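Work through these exercises with the sequence and the 3D view side by side. Try each task before you read its solution.

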Amino acid sequence: MATQVDAWSSAPQADGAVTSDHQPEASCPYSDDDDGLDEAEVNGNWTPQEKALHEARLKAKAKRRLRRSSSRNSTSESVSESGETPGGDPHAAKGKVHNNDRKSRTGKGRGLPKKGGAGGKGVWGAPGMVYEAEEPDVRDPNYDEAAQGDTVYETVVPEVEEKELEKMVNPIVLEYFEHGDTKEVEVLLKELNLGQHKYEFTSVAVSLSLEGKASHRELTSRLLSDLSGKMLTQGEMAHAFDKMLKELPDLILDTPEAPQMLGQFIARGIADHVLPMNFLDSYKGKVDCEHARVALDRAAVLLSMKKGMIGLDNVWGVGGGLRPVKHLVKKMNLLLKEYLISGDVSEAERCLRDLEVPHFHHELVYEAIVMVLESNGDTASHMMMKLLQSFWKTGLITVDQMNRGFQRVYDELHEICLDVPHAHPIMEAFVDLCYQESVITKQLRDACPFRGRKRFVSEGDGGLIKN
C-alpha cells in the first residue's frame with residue numbers, strides 16, 4: 001500500500017500522465033471504487049492537490065446518488081407497474097402519453113404543470129398576473145425620441161381644387177333639396193377642405209336652385225341663412241353674389257328669368273343678414289351689364305316695399321307640402337274660378353304644377369265636381385270635363401288621384417243634396433260625360449250612387465208604379 005501511495009505522489013502533476021496500472025482511477029474520476037483513496041486517507045500521506053481532488057470526487061459521487069434516487073422515485077410515481085400513467089384513460093393504449101397531458105413525458109419531475117401553467121407560447125400568464133404598461137425601449141429600432149410623449153395624430157384633408165369643387169358640391173346640394181336638413185349639409189361641408197374657394201359653394205347652390213323649382217329656391221335661401229356666420233362670412237357671400245352678377249349672361253342661356261330670381265336672392269339675403277346692408281350701394285354707378293342692372297333693380301324694389309324686409313320671408317312662396325291645407329284649397333279654388341272665366345287650360349296646368357303637391361291633386365278633382373254641381377247650365381260641366389281630360393292625358397293627375405276625388409264626392413253626395421237638391425241627376429250626367437270622354441273608368445262610373453224616382457199613379461192604385 002505504501003508503494004501505491006508513493007507512486008501516486010510521485011506521478012507528474014503538470015501533464016497529468018499516469019501509469020497503466022492506475023489508469024482506470026485517473027481516467028475515470030467519477031468511479032465508485034475508492035478503496036485505495038480511503039487507505040491513503042488513513043495513512044495521512046496526501047498532498048494538498050490530492051486532498052482537493054478527493055473532495056471533488058466525493059461531491060460528484062454524492063450528486064450521482066441523489067440523481068439516481070430522485071429518478072427512481074419520480075418513475076414510480078408517474079408510471080405504474082403495468083406501464084399506465086396514474087389518472088390516465090384506461091381505454092387508451094399502454095405506454096403512450098396523451099398530447100393534452102401537461103406533465104413531463106420523460107418520467108422525471110414531480111408531475112406538476114410546466115411553470116405553474118404560466119409558460120409556453122401564446123399563454124397569457126399565471127392567473128391573477130397584472131401587466132403594467134410597457135415603456136418604450138430605447139434599443140427598439142422603431143424608437144423615435146422626438147415622437148415619444150404627448151403625441152397627437154390628426155387626419156390631414158387636402159384642399160379641394162377649384163375644378164373638382166363643383167363635382168363634390170353638386171351631390172350635396174341636390175340631396176339637400178330632397179331632405180331639407182341644413183345641419184347635415186353643414187356636417188358634410190366640414191369634412192371637405194374648401195380652403196380659399198369656400199365662397200364657391202354659395203354660387204353653386206344658387207345656380208342649381210335657379211334651374212329647379214320655387215321650393216328649391218326657398219330651401220337655398222334657408223340654407224344660406226343657416227350657414228351664415230358658421231361656415232360662410234358676409235364677405236364670402238358678397239363675393240359669391242358678385243361673381244353671379246358677372247355670370248348672368250351665361251345663366252340666362254339656361255334660365256331666362258335668372259336676373260329677376262337673382263335679384264330676389266339678393267333681397268332675401270339682405271333681409272336675412274346674409275349679405276351686408278350696403279351691398280346694393282356699392283354697385284351704384286358701377287354696373288355696365290344690363291342683366292346685372294335688372295337684378296339689382298329687382299332687389300331694390302323688393303326692399304323698398306311697404307312691408308319691407310318682413311315680407312321677404314315669402315318671396316319664393318311656401319313650397320309643396322309645407323303649405324297649410326286651407327291655403328292649398330284656397331289656391332285650387334282660385335285656379336278653377338280663373339279657368340271658368342278665361343278657359344285657358346295651359347295656364348291652369350302651369351298654376352297646378354307650381355303648387356308642387358302631386359299628392360293633393362284629388363282635392364282639385366273634388367272641388368271641380370262640386371263647382372259643377374253648384375253651377376247652372378251645362379257650360380261649367382263641359383269646361384271642367386275638358387280640364388280634367390287635359391290633366392289626365394298629360395299625366396298631371398294620376399289614376400289614383402282621379403278616383404279618390406270622385407269617390408270623395410260619392411261619399412258626401414247625400415250631404416251636398418241638402419244645399420243642392422238636384423245634385424244627383426247633375427252628378428249622373430257629369431259622370432256619364434266623363435266616361436264617354438275616357439276621363440274615368442267604367443268601374444268608377446258604376447260606383448256612382450243612383451237614386452231612382454218612384455211615381456205612383458194614385459193613392460188607391462195599390463202601389464202601382466207609373467212607367
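**Exercise 1. Positive phi in loops**

In which loop does H273 lie?

Solution. H273 sits in the loop between α11 and α12 (290–303). Helices here are DSSP runs of H or I with at least four residues, strands are runs of E with at least two, and both are numbered from the N terminus. Next, look at the backbone. Phi of H273 is near 65°, a positive value in a residue other than glycine. Now compare another loop. S438 is not a glycine either, and its phi is positive at about 60°. S438 is placed in the loop between α19 and α20.

Before going on, note the ground rules. This is a predicted model: local features need pLDDT of at least 70, side-chain atom pairs count only at pLDDT 80 or more, and totals for chains, interfaces and linings use all residues. Residues are numbered from 1 along each chain as its sequence is written, and side-chain values use heavy atoms, with hydrogens and water left out.

**Exercise 2. The whole chain**

State how many helices and strands the chain has.

Solution. Count the elements: 20 helices and zero strands. Then take burial, where buried means under 20% relative accessible area, exposed over 50%, and partly exposed in between (1.4 Å probe, protein chains only). Buried residues make up 34% of the 467 residues in the chain. Last, take contacts, meaning heavy atoms within 4.5 Å. Among contacts between residues at least 6 apart in sequence, 67% join residues at least 24 apart.

**Exercise 3. Helix α8**

Check the length of α8 and decide how enclosed α8 is.

Solution. Start with length. The expected span is 1.5 Å times one less than the number of residues. Now burial. Ten of the 14 residues are buried, so α8 is largely enclosed by the rest of the structure. Among them are L219, L223, L224 and L227. R217 and E218 are buried too. The cover includes α5 (162–179), α6 (182–191), α7 (200–210), α9 (234–246) and α11 (258–271).

Follow the chain onward. Just after α8, G229 takes a positive phi of about 90°. T233 is in the loop between α8 and α9. Its relative accessibility is 45%, so T233 counts as partly exposed.

**Exercise 4. Helix α16 and its partners**

Describe how α16 packs against α13 and α19.

Solution. First, the helix itself. α16 has 16 residues and reaches 23 Å from its first C-alpha to its last, close to the 22 Å expected. Its buried residues include A380, M383, M384 and L387. They pack against α13, α14 (345–355), α15, α17 and α19.

Second, the method. Two packed helices are described by the angle between their axes and the distance between the axes. Axes are lines fitted to C-alpha atoms, for helices over the stretch in contact, and angles run from 0 to 180 degrees between N-to-C directions. Under 35 degrees counts as roughly parallel, over 145 as roughly antiparallel, 65 to 115 as roughly perpendicular, and the rest as oblique.

Third, α13 (residues 325–342). The axes of α13 and α16 come within 11 Å and cross at roughly 115°. The two helices are therefore roughly perpendicular to each other. The contact is made by L336, Y339 and L340 of α13 with A380, M383, M384, K386 and L387 of α16.

α16 and α19 pack at about 40°, with their axes 10 Å apart. That makes α16 oblique to α19. S381, H382, M384, M385 and L388 of α16 meet F430, L433 and C434 of α19.

G395 follows α16 and has a positive phi near 80°.

**Exercise 5. Helix α17**

Which residues of α17 are buried, and what covers them?

Solution. The buried residues are Q401, M402, G405, F406, V409 and Y410. Their cover includes α15 (361–374), α16 (379–394), α18 (413–419), α19 (423–436) and α20 (442–446). Recall the helix rule: an α-helix has 3.6 residues a turn, so residues three or four places apart point the same way.
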